[in-house]
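Have the sequence and the 3D view open while you read.

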Amino acid sequence: MGAKGAFLESRPLNPMKWFPFAEASGSLHPIVIESRHPSGAKVQIGGTRFMAPLLAFSRFVDWINQNIGKVCDWLVLLAVLVSSVNAMMRYGFDISSNAWLELQWYMYAAIVMLGASYTLKRNEHVRVDILYMMLSRRGQIQLDIAGIIVFLLPACILIGWLSWPFFYQSFHMNEWSSNAGGLLRWPVKFLIPLGFGLLTLQGISELIKRVAALRGYDIPDLEAHYERPVQ
Amino acid sequence: MIPLEWMPALMFAGLVVFLIIGFPVAFSLASVGLFFGMISMAQGFFTIDFMQAIPGRIFGSILANDLLLAIPFFTLMGAILEKCGLAEDMLESMGQLFGPMKGGLGYSVIIVGFILGAITGTVAAQVIAMALITMPVMMRYNYNIRYATGVLAASGTITQLVPPSLVLVVLADQLGRSVGDMYLGAWGPSLLQIALFALYTWFITIIRPQDLPPVPRTLTGRPLLIKCMWGIIPAGVLIFLVLGTIMLGLATPTEAGALGTVGAIILAVLRNTQMTKMDKTAYAAGLVAVAGCLVAAYTVGMKTVPFRISFSVFFASVIWLCWRAWQDKPLHDLIVEGMRATMRITSMVAFIVVGATCFSIVFAGVDGNLWVEHGLTSLPGGVWGFLIAVNLLVFFLAFFLDFFEIAFIIVPMLAPVAQKVLEPVVGADAALIWFGVMLCVNMQTSFMHPPFGFALFYLRSVIPKSISSADIYWGALPWVGLQLIMVAIVIFMPITVTFFLDKPHGIDPSTIRIESAPPVEEDDMPPPSFGPPR
């Protein structure tokens, strides 16, 4: 009996396990990193009351996109396998199907549309960095905040909105590929509004993190450092 | 009210301003397009229906694009090859082979740079690998430091130009030409480029022999031969897998990338893991089966039982070796790390195209293409004036734009004009190939010129701190000069590009042509046009 009790006791209900995004990964206590008061006194603006729920939302979005990003990682390898096996089958055994050919670019489409938000989280979308590199870390964060509000969010919302009818039309008529043996077409069209939706969410999350960082919060998830991608 | 004639110029200015701010290019591009699209709608130049073309174009020419699908494949292949020691082996054997000549190490770096470029090649991987191995030797034998850094950076960069470079694939896509033709066109300039490099090295050995002293061999005879074979044969097999299959029309460039990745994984297994008896058997069986396939294909044909049996054996052997790669912990980690980086790079690159698509749809809507055409055709000097102006433009843009940005933003604007202007010189088919290869040669310089040249950054990160950055910068200059001479050669001697194109090359280019650029308004994507080459 005691053993059973101990067994139960040893596994306390841990909501954090199921909702890892709820786990505070950064300090919620404002840390003043920089003084902004003209007198030079360290000032602390805002409190945790306002930022905490926003940061929780930001962690939730990050968590979603991170996991979607992981799926996309595997799609790269799967696409390689499908493409190479398909090519070998065609020459070795004269077996070919449009379904396999289409599956390749379906996966590629998923990598592009769904991986973009994780790439944004990692701050790996390429920039023209001549001026950007001259800015202080603080200046870079401010530039990003302006950029997200002026460029990223409007563009993503607008394209997402434009692409909805494009998907819905296909969905409504239950569109299939026009190739013999092809795949159902609307899921891949759905990737466009979905991708831009996720990107909008991630943009909001990045915005929250950057605003919080400016207000003195310590945000370990913030990839403010930018490096040009390797070519 | 803004007159329609002003819109393209305003858009172009907006593009420059929005990009230079430093926000990620993909989103800046998209918003500059959408922003001017909104203005145009307010002015009544077009309606919202016109903007509705954007999702269709994103879908049709980016997501359903079989050529851009090659990006993740080539990237992953590069990531795996970078770590599997192929560059090291080739450099060591070439260094042994050419070492005793004056400037021998220089020649070996140039040759290895070219061969590695013909397999895959990211500039980063190539420069780093070559510098790590060669630089210590060069320093020990008192090579001139500026020469050493220059030759390493330049030979690493040439991978951009040597087929099957990703740059050529992307340019082929943007110019709407076949990748196979693009490759054929690039052979001439890339061979000439290394010839120029070698010539320069030889020239230095004449005027300043003390700068490039000979290095004695440590291996001779049979061990040297084995070392050379071990360096060359795997490279040869991979070159065949990637380039051979494209040139023979056996695979599309995309599939060749995938096959090359599998080849790279197998190569990594053969070199880095402890092979069990089973592995060796599988490997040997695979080799025998390849020979069997070739014999069967040439004697009884491909759709016969003997061919299929040997192919099955080969297939099984490949699967076994790939499975072994997966079981090997370091290799497994390498592949996983590679695919992560690949995912982000693919998404990043494709999103530049998404942004560029938003821009170019609106730009075309306000007659921007006519504006560019008018501006470029009214230049003095006709064809040569046009080419020189365009190349100067690209050369200076390359100071602060990446290759991908130039390819996706600038090239689509220039392509229609280039087709029209260059047609009288080399004919309709070759015009854009010539143009594309020329831009490709030109864009090499973007890796090389101080202060933003990437090859120089990579070099800086791996060579000893005792070498000053000034030496790296000065060392790079003559090689930038050589690259520019090459641009001039390509401009004034189109034969360097068209030479291989005009010759009958045994295959019908149409079998490997992949048409991109599907119709804009069409909802349904065109069928994937890379059916089995017949």
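Chain A exposes about 11200 Å², and carbon and sulfur atoms supply 68% of that area. Keep in mind that this is a predicted model. We'll look at each chain as a whole, then at salt bridges, and then at a few spots in the backbone.

**Chain A as a whole**

- Chain A has 6 helices and 0 strands.
- Reading from the N terminus on, you get the pattern α-α-α-α-α-α.
- Chain A has 231 residues, and 49% of them count as buried.
- Take the contacts in chain A between residues at least 6 apart in sequence: 73% of these join residues at least 24 apart.

**Chain B as a whole**

- In chain B you can count 23 helices and 0 strands.
- The radius of gyration of chain B is 24 Å, close to the 24 Å that the globule rule gives for 534 residues, so chain B is as compact as a globular protein of that length.
- If you draw a box along the principal axes, the C-alpha atoms of chain B fill roughly 80 × 65 × 45 Å.
- Buried residues make up 60% of the 534 residues in chain B.
- For contacts in chain B with a separation of 6 or more, 77% come from residues 24 or more positions apart.
- Chain B exposes about 20000 Å², with 70% of it supplied by carbon and sulfur atoms.
- As for charges, chain B carries 25 positive and 29 negative side chains, and the centres of these two sets lie 17 Å apart.

**Salt bridges**

- Over all chains, a search of the whole structure turns up 18 salt bridges.
- One of them pairs Lys209(A) with Asp62(A), whose closest N and O atoms are 2.8 Å apart.
- Which parts of chain A does this pair tie together? Lys209(A) sits in helix 6 (residues 186-214) and Asp62(A) in helix 3 (residues 48-93), so the bridge links parts that are 147 residues apart in sequence.
- Are these two partners buried or exposed? Lys209(A) is buried, with a relative accessible area of 1%, and Asp62(A) is buried too, at 2%.
- Lys209(A) also forms a salt bridge with Glu206(A), and here the closest N and O atoms are 3.0 Å apart.
- Lys209(A) and Glu206(A) are 3 residues apart in helix 6 of chain A, so about one helical turn separates them.
- Both Lys209(A) and Glu206(A) are buried.
- Another salt bridge joins Glu124(A) and Arg122(A), with the closest N and O atoms 3.4 Å apart.
- Glu124(A) counts as partly exposed at 22% relative accessibility, and Arg122(A) is partly exposed as well, at 26%.

**Backbone spots to look up**

- Asn123(A) isn't a glycine, yet its phi is positive, at about 60°.
- You'll find Asn123(A) in the loop between helix 4 (98-121) and helix 5 (137-172) of chain A.
- Asn123(A) is buried, with a relative accessible area of 5%.
- Over in chain B, Asn142(B) is another residue other than glycine with a positive phi, near 60°.
- Asn142(B) belongs to the loop between helix 8 (123-140) and helix 9 of chain B.
- Is Asn142(B) buried or exposed? Asn142(B) is exposed, with a relative accessible area of 60%.
- The peptide bond from Pro163(B) to Pro164(B) is cis, and its omega is near 0°.
- Pro164(B) lies in the loop between helix 9 (145-157) and helix 10 (166-175) of chain B.

- Start at Ala64(B), in the loop between helix 4 (53-63) and helix 5 (70-83) of chain B.
- Ala64(B) counts as buried, at 10% relative accessibility.

Note on methods: Residues numbered from 1 in each chain as written. Chains lettered and ligands numbered in written order. Heavy atoms only, no water. Helix = DSSP H or I, 4+ residues; strand = E, 2+ residues; numbered from the N terminus. Rg over C-alpha atoms; globule rule 2.2 N^0.38 Å. Buried < 20%, exposed > 50% of the residue type's maximum accessible area, 1.4 Å probe, protein only. Contact = heavy atoms within 4.5 Å. Areas by Shrake-Rupley, 256 points an atom, 1.4 Å probe, with all protein chains shown as cover. Lys, Arg positive; Asp, Glu negative; His and termini not counted. Charge placed at Lys NZ, Arg CZ, Asp CG, Glu CD. Salt bridge = Lys/Arg side-chain N within 4 Å of Asp/Glu carboxyl O.
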